[in-house]
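Dear colleague,

Please find below the sequence and structure that I am handing over to you. My notes on the model come after it.

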Amino acid sequence: MKVILDSHTHIDNKGSLGIGIDHESPLEFLDFKSLIEEKQLGVLANAACASEYEELSQIKGIFISFGIHPWNADEFCEENNQKGGSREQTIEQYIHTKVQELKDYYRKAHAIGEIGMDSVWCACDLTLQKLLFREQLSMAVELQKPIVLHTKGQEKEIADILKDYSLKKLVHWYSCEEHLKSFIDQDCYFTVGPDHGFNPAVKKLIHAVPLNRLLVETDGISAVEWATGRKVNASEIPTILKETIQAIAAVKGVSPETAEIRLEENFYRYLSV
Ligand SMILES: [Zn+2]
């Protein structure tokens with residue numbers, strides 16, 4: 001049996017170290033560990049902090065992306081803000097130093113992300129988000145790592161910023177009906193998520209993006225539960241990913257088996273340097 005690949009996910013591990021934000025199952029981490037180590041599932045899982053990276057790296061055969069999420073921009077800069085901004089260094093210098101302190105994690109990870117900007121689902125200061133995003137893009141250039149992008153509400157701004165950086169780019173769960181072409185023109189990879197059946201922007205994306213730039217993702221169990229409106233177990237994830245691949249295959253006029261092979265090639269091509 002072929003491994004089904006999830007090109008962007010979050011694995012909750014509340015059960016051991018209290019990591020994870022919005023899911024209740026302490027067994028989730030162990031369930032995913034079994035699925036991945038038994039080669040039923042391959043994942044590029046996201047680590048948003050050093051301790052989450054350490055936890056995920058216990059899973060044999062896992063691929064990890066590491067980056068400071070735009071939702072955490074205020075928290076990341078909290079120390080500096082508490083001091084009312086240091087007189088000795090600018091906020092740019094502060095962010096640069098803090099990102100450099102995490103360099104080992106960026107280096108060990110297979111990709112840098114998810115990084116980006118968001119003006120819809122979080123209230124973090126956009127100036128801080130942008131500085132943090134650019135700093136992590138520079139790190140990706142320095143280390144020659146592919147990136148995973150979060151673009152909600154900031155699609156145009158991000159498409160413009162990306163023109164300054166020569167990198168392999170994966171746009172995660174793009175759900176904007178505009179600006180898609182700017183990303184396609186920059187040779188981005190795109191993940192299709194579990195809302196492919198009802199989200200018009202995602203349907204449009206499957207049609208517009210060439211098959212050699214498409215991937216599938218879940219964005220974690222809580223995102224799948226949001227999209228399907230029901231409780232979901234880790235063991236169902238390979239089937240849910242296969243359904244997304246089938247939807248892509250139908251639009252692209254190829255068999256599901258062919259689509260699965262193409263998407264697997266895309267996954268490894270995206271991660272290779
Ligand atoms: Zn995500």
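This is a predicted model: local features need pLDDT of at least 70, side-chain atom pairs count only at pLDDT 80 or more; totals for chains, interfaces and linings use all residues.

Residues are numbered from 1 along each chain as its sequence is written, and side-chain values use heavy atoms, with hydrogens and water left out.

**Annotated positions**

An unreviewed UniProt entry gives the feature "binding site" at His150 and His172; UniProt positions follow the numbering used here, feature names are shortened, and annotations may be inferred rather than shown by experiment.

**Surroundings of the histidines**

His150 belongs to strand β5 (residues 147–150); strands (E, at least two residues) and helices (H or I, at least four) are DSSP runs numbered from the N terminus. His150 has 5% relative accessibility and therefore counts as buried (buried is under 20% relative accessible area, exposed over 50%, partly exposed in between, with a 1.4 Å probe and protein chains only). The side chain of His150 makes a polar contact of 2.8 Å with that of Glu114. A polar contact is a pair of N or O atoms within 3.5 Å; within protein, one must be able to donate a hydrogen and the other to accept it, and residues adjacent in sequence count only if both atoms are side-chain atoms.

His172, in the loop between β6 (169–171) and α10 (180–185), is likewise buried, at 6%. Its side chain has a polar contact of 3.3 Å with the side chain of Glu114.

His8 lies in strand β1 (residues 4–9) and is buried at 0%, while His10, at 24%, is partly exposed. A polar contact of 3.2 Å joins their side chains. Contacts of His10 (heavy atoms within 4.5 Å), not counting residues up to four places away in sequence, include Glu114 and Asp219.

**Helix pair**

Helices α13 (residues 237–252) and α14 (residues 256–271) pack at about 105 degrees, with axes 8 Å apart. Axes are lines fitted to C-alpha atoms, for helices over the stretch in contact, and angles run from 0 to 180 degrees between N-to-C directions.

Kind regards
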